[in-house]
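Please examine the sequence and the three-dimensional structure below. The paragraphs that follow lead from the ligand and its surroundings to some details of the protein chain.

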Amino acid sequence: MRAGEVCLRLLGDMLRLKIRFVKKVQLMRLSNYFLPVLKENPAEAQIVSHRLMLRAGMVRQSSAGIYSWLPLGLRVLNKIADIVRQEQALAGALEMLMPTLQPAEIWRESGRYDDYGKEMLRITDRHDRDLLYGPTNEELITQIFRDSVRSYKELPRNLYHIQWKFRDEIRPRFGVMRGREFLMKDGYSFDIDEANARRAYQKIFVSYLRSFKRMGLQAIPVAADTGPIGGDLSHEFIILAETGESEVFCHADVLAQPVPEADYAADLTPVIDGYTQYYARSDEMHDAAKFEAEVPADKRLTARGIEVGHIFYFGTKYSNAMKALVAGPDGKDVPVHMGSYGIGVSRLVGGIIEACHDDEGIVWPWAVAPFHIGLINLKPGDEATDALCEQLYQNLTNHNLDVLYDDRDERAGAKFSTMDLIGLPWQAVIGPRGAKAGEVEIKNRVTGEKQTVALEAAMKILSQPPA
Ligand code: 5CA
């Protein structure tokens with residue numbers, strides 16, 4: 001046989017295998033899933049997102065402020081992380097992964113080992129070496145950078161990771177919102193001078209507005225205090241929610257600013273100015289006299305919110321202390337200018353629920369929903385009903401939609417309330433009568449609206465986010 005024929009035959013085999021693979025989608029059946037929903041409101045939960053995350057079987061507390069993520073919760077966490085990844089890539093940031101445990105010596109170099117106090121979890125290994133569970137990564141990334149980059153020609157760089165952090169918060173509360181162990185996206189930029197570093201800051205500013213918008217949130221960038229990270233330029237991104245721990249004071253028009261395009265080659269100053277021209281500050285930076293002088297009374301917005309992101313430009317604070325130098329165009333060594341950029345990935349799960357729920361449960365925005373569609377079989381075991389359910393499941397899955405199939409032998413009422421509780425954007429209900437007519441009842445979880453349609457039409461409706 002000639003090489004060409006072998007290739008063709010192999011290709012044929014591969015295609016056949018692929019077809020077989022597509023046909024053999026493993027149904028995500030609720031009868032096999034791990035969804036330990038709670039009927040009662042857990043007494044320990046003070047805010048709605050914490051209550052709903054426990055009730056919907058998304059997380060379980062293992063000790064104060066430390067949680068296990070169950071399958072449903074993990075799917076949301078991963079969807080949020082993926083949106084962050086996509087937007088970071090557009091902004092030119094590179095993903096990497098640093099460890100959770102760090103050596104104490106680099107923190108001694110920066111001077112933060114003692115400053116960080118009791119929030120830092122300190123560990124000693126069997127050789128009596130001091131380690132710590134990272135609360136953030138400025139030191140470690142600076143060490144990596146200084147050991148690898150020598151010249152301005154390798155700048156700019158922006159590196160990030162999505163990794164668990166530990167801060168021994170004095171009062172962990174509100175579930176994943178103020179945890180001790182929590183998942184953070186933290187990114188770090190390296191530039192030759194302040195002007196370039198400020199551009200890096202602007203890019204991430206834009207990427208954060210875009211990321212939160214994609215998650216179904218409107219985030220307000222507010223001028224912020226830099227705290228233990230340091231520096232003089234900082235913004236927090238706050239989503240409005242009554243249960244938020246932050247207080248914001250802003251001009252209402254900041255909410256009407258458009259979400260920017262991902263055009264990172266353009267001058268971003270007008271976009272940033274569009275937001276920062278208005279007074280918008282968190283409580284630590286608030287200046288009542290300035291607020292009243294700058295904002296007309298009917299535009300003054302004072303509200304509570306959740307800090308979902310925080311960005312910093314701190315110049316040469318760490319590069320000076322840790323000797324992260326690069327040779328400039330004139331051959332002289334200069335410390336790099338740095339910024340750091342955080343997103344509270346696990347906090348966002350709670351934050352999104354605070355913003356998106358009703359009396360029945362969670363109402364997930366499409367982009368972060370653990371599944372797009374909850375398919376309810378009203379009579380498992382009935383041949384026609386099973387067949388139509390499985391056909392709809394396959395069709396939806398082939399269109400890259402995530403479907404959770406409730407095939408359990410349960411009362412219809414219990415199935416409906418579980419679906420309402422876990423908040424999937426669409427519910428598709430099939431019973432023996434519908435199966436006979438080839439029809440599906442569809443419920444929009446956002447509006448509660450129901451309609452009965454044929455399979456074809458159902459496919460069309462279910463593949464788009466509900467209005
Ligand atoms: N190194 C910088 C930026 S990478 C940093 O650590 N910034 S931070 O302290 O503001 O944290 C970044 C984000 O992590 C915050 O905006 C918040 O959304 C989230 N976060 C901070 N502490 C907690 C916590 N205890 N529980 C859950 N999320 C938290």
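Which strand gives the most to the shell around the ligand? It is S13, with 5 residues. The structure is a predicted model, in which local features need pLDDT of at least 70 and side-chain atom pairs count only at pLDDT 80 or more, while totals for chains, interfaces and linings use all residues. Residues are numbered from 1 along each chain as its sequence is written, and side-chain values use heavy atoms, with hydrogens and water left out.

The shell can be described further. The ligand is surrounded by 22 residues, each with a heavy atom within 4 Å of it; the closest are Thr136, Glu138, Arg167, Gly179 and Glu307. At least two residues of the shell come from each of strand S8 (181–191), strand S13 (300–315) and strand S16 (337–344); strands (E, at least two residues) and helices (H or I, at least four) are DSSP runs, numbered from the N terminus. By class, 8 residues of the shell are nonpolar, 7 are polar and 7 are charged. Here Ala, Val, Leu, Ile, Met, Phe, Trp, Tyr, Cys and Pro count as nonpolar, Asp, Glu, Lys and Arg as charged, and the others, Gly among them, as polar.

A polar backbone atom of Gly179 is 2.8 Å from a nitrogen of the ligand.

Phe174, in the loop between S7 and S8, has a positive phi of about 60° although it is not a glycine. The peptide bond from Leu155 to Pro156 is cis, with omega near -5°. Pro156 belongs to the loop between helix H6 (138–148) and strand S7 (157–166).

Finally, Tyr208 and Phe212 are 4 residues apart in helix H7 (residues 194–214), so about one helical turn separates them.

Note on methods
Polar contact = N/O pair within 3.5 Å; in protein donor to acceptor, adjacent residues only side chain to side chain.
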